Amino acid sequence: MTVPATTVARMRPRSLLGVLTFLGRYPGQVALCVMLLLGVIAIEMILPQILGEAINGLRQHVQLGVPFAPSVYATLFVALALVRAGLGFLLGPVRNRLVQQALGDLRAALYDAIQRLAFQYHDRANTGELISRSTTDVWRLQDFFFACLFLSFDIAASLVATVWLIFAVSTTLGWITLLTIVPTVGLIGFYASKLQPQWRNVHDLHGAMTAVVQENIAGVRVVKAFARENSEIFKFRGRKEIFLNALLDTVNYWAARVPFAQFVFGLSLPLILWAGGRQVIGGQLQIGDLAKVVFYLMAIGHRVGAVGQFTNIVQTASASAERILEVIHEPQVIRTGRRRFPAGNGAVEFDQVGFQYRAGPASIADVTFRVEPGQTVAIVGPTGSGKTTLVNLIPRFYDVTRGRVRIEGVDVRELDLRALRNSVSVIFQETFLFSATVAENIAYGRPQAGRAEIEECARLAQAHEFIAELPDGYHTVVGERGVTLSGGQKQRIAIARAFLMNPRILILDDATASVDARTERLIREGLRRLCRGRTTFVIAHRHSTVQHADWILVLKAGRVVERGSHSQLLGAGGFYAAIVAQQLQPAADVLSPS
Ligand SMILES: Nc1ncnc2c1ncn2[C@@H]1O[C@H](COP(=O)(O)OP(=O)(O)OP(=O)(O)O)[C@@H](O)[C@H]1O
Ligand SMILES: [Mg+2]
């Protein structure tokens with residue numbers, strides 16, 4: 001997940017441009033915003049002119065008796081100020097809408113990417129890390145969008161216009177302004193660039209601190225079971241200390257240096273008053289014109305400070321943009337094919353299949369077999385022998401690294417991915433239920449399913465009985481804020497889920513591991529019905545499960561070592577017979593004396 005520092009530096013500008021394209025999707029609104037903003041800035045530049053002209057007019061009236069109508073200036077000033085307020089009033093909603101739309105699109109793109117990324121990506125990714133990218137990093141970009149759209153224009157247009165207008169009044173005063181603004185902006189830019197690596201460090205430390213929180217929430221039961229609360233609290237405090245110190249160092253560095261830059265700019269006012277005052281006394285400059293310059297300096301004072309703010313925002317955002325785009329641009333390793341799911345009952349063929357996880361030895365090597373439509377195959381082997389890995393290749397949770405997996409003679413990589421996944425149902429080793437009602441959880445793969453169908457599937461999975469006893473029956477909310485279900489109950493909901501999908505191919509990864517003997521018998525009856533006419537793979541540790549299979553595939557270290565029926569294999573007295581003796585025993589054996 002971490003990117004080498006050199007790559008970071010190289011990627012940065014491209015990342016920022018990358019997220020700016022999300023704003024670029026709304027060119028009309030961007031243009032409207034910029035126009036409104038330029039209108040506001042133009043009026044801000046005109047107001048000092050009116051004040052200055054009024055002062056000049058008043059002076060000529062007093063000294064030379066030239067007629068002077070203050071109401072003209074006052075009316076003009078108030079009218080423009082009102083227009084400016086009006087523009088600002090219009091700008092607010094347009095700007096907020098634009099930024100929120102762009103952020104919304106960015107969130108959606110990120111979410112899509114996370115959903116589409118293959119198992120392979122999620123194996124490597126850290127959940128806390130992905131959560132922080134989808135939340136904190138997106139929030140940081142909000143400031144960036146505001147800064148790019150507004151602060152950047154505001155700073156650039158106002159500074160350039162101001163310097164130009166001051167030059168128009170007096171070249172000398174123009175030079176004084178320029179000679180104070182340039183070093184100030186340069187100094188702020190220099191300090192900000194010094195801070196760049198420090199900010200990156202602060203973000204990373206923040207990430208590390210968040211990871212501790214996330215892990216503790218996810219693993220709170222383990223923490224409590226081992227009475228490790230205090231040490232976890234201590235660990236968090238440590239991370240928080242380190243983060244806080246780094247943050248304070250960074251902020252203090254900035255706070256200690258910016259006043260110096262501001263002091264340089266602050267010199268402009270006394271210098272201008274001194275030089276301008278001499279010009280006024282010498283008669284080369286009107287008093288009103290000097291006033292204009294002073295007003296301009298006051299108007300841009302806060303924008304000089306904003307240069308630093310802008311630089312900070314851009315630096316923060318560039319790290320976040322990079323973290324977000326990394327996910328969005330992660331290549332899709334599993335691409336959908338174009339062929340429709342073939343007719344037939346789902347013959348599955350493994351042809352010299354090999355598979356290797358990203359790093360590590362081959363988990364599956366040279367596996368060849370054919371399952372006829374409607375057959376049930378049991379896959380047996382010691383833990384880590386590659387049973388789960390093998391079946392994961394059928395719905396393309398991973399793609400083979402060698403050989404082919406075919407369904408009805410068609411390579412699974414050529415099939416439409418959605419159709420493939422809808423035709424192959426998997427009941428995982430661990431069932432995940434969403435924070436939704438029981439009915440919604442059962443209908444997860446086919447949300448349009450009717451209540452009668454859902455209930456029928458629940459009955460088939462032997463789940464109806466316990467669901468009916470829940471406080472709100474099928475409308476009971478499970479998960480996070482609802483009722484907690486037992487392992488066996490979750491399994492049965494997962495089985496009902498599979499029933500509802502009416503899949504051609506069924507994969508059961510230890511599906512009955514967590515149910516008692518009675519429930520297992522009931523489920524087995526349901527499963528027998530479910531398996532009828534479907535090709536079924538059952539990964540089993542239990543004796544009873546394996547016996548009912550048409551034939552058995554025995555895996556050892558990723559290779560098929562034996563195949564045949566239960567009785568054939570037992571008779572052969574090989575590896576299978578040995579694991580039956582050792583492993584495929586009723587769970588109650590744990591308690592019996594050895
Ligand atoms: N996501 C993964 N990334 C890398 N290696 C993995 C991954 N999943 C499994 N492995 C490795 O692949 C091998 C086979 O694992 P697999 O989960 O298929 O075994 P299994 O037979 O299903 O075991 P169990 O009976 O314990 O479920 C193991 O060596 C395991 O460490
Ligand atoms: Mg497994």
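## The overall picture

How many helices and strands does the protein chain have? There are 21 helices and 10 strands in it. Keep in mind as you look around that this is a predicted model.

The protein chain is more spread out than a compact globule, because its radius of gyration is 36 Å, well over the 25 Å that the globule rule gives for 594 residues. You can see this in the C-alpha trace too, which spans about 125 × 45 × 45 Å along its principal axes. As for burial, 30% of the 594 residues count as buried. Now take the contacts between residues at least 6 apart in sequence: 79% of them join residues at least 24 apart.

## Around ligand 1

Next, find ligand 1. Its surroundings include Asp123, Tyr357, Gly360 and Ser363. Also around ligand 1 are Gly381 and a run of residues made up of Thr383, Gly384, Ser385, Gly386, Lys387, Thr388 and Thr389.

Which helix gives the most to this shell? That's helix H12, residues 387-392, which puts in 3 residues. Sorted by class, the shell has 9 polar residues, 2 charged ones and 1 nonpolar one.

Who does the touching? On the H10 side the contact is made by Ser268, Leu269, Ile272, Gly276 and Val280. H11 answers with Ile287, Leu290, Val293, Val294 and Leu297. By class, this contact has 8 nonpolar and 2 polar residues, and no charged ones.

Is Thr536 buried or exposed? It is buried, because 26 other C-beta atoms lie within 10 Å, and 20 or more is enough to count as buried. You'll find Thr536 in strand S8, residues 535-539. Leaving out residues up to four places away in sequence, Thr536 touches Thr376, Leu506, Leu508 and Cys531.

Arg524 sits in helix H18, residues 517-531. This residue is partly exposed, with 18 other C-beta atoms within 10 Å. The C-alpha atoms of Arg524 and Thr545 are separated by 8.2 Å, with the two residues 21 apart along the chain.

## Two loop residues with positive phi

Where does Asn502 lie? Look in the loop between helix H17 (487-501) and strand S7 (505-509). Asn502 is not a glycine, yet it has a positive phi of about 45 degrees. It counts as partly exposed, because there are 16 C-beta neighbours inside 10 Å.

Ala557 is another one to check. Its phi is positive, at about 45 degrees, although Ala557 is not a glycine. Ala557 is in the loop between strand S9 (551-556) and strand S10 (559-564). With 15 C-beta neighbours inside 10 Å, Ala557 counts as partly exposed.

Notes:
Residues numbered from 1 in each chain as written. Chains lettered and ligands numbered in written order. Predicted model: local features only at pLDDT ≥ 70, side-chain atom pairs only at ≥ 80, totals over all residues. Near = placed C-beta within 6 Å. Helix = DSSP H or I, 4+ residues; strand = E, 2+ residues; numbered from the N terminus. Nonpolar A, V, L, I, M, F, W, Y, C, P; charged D, E, K, R; others polar. Contact = placed C-beta atoms within 7 Å. Rg over C-alpha atoms; globule rule 2.2 N^0.38 Å. Buried ≥ 20, exposed ≤ 12 C-beta atoms within 10 Å, placed from the backbone.
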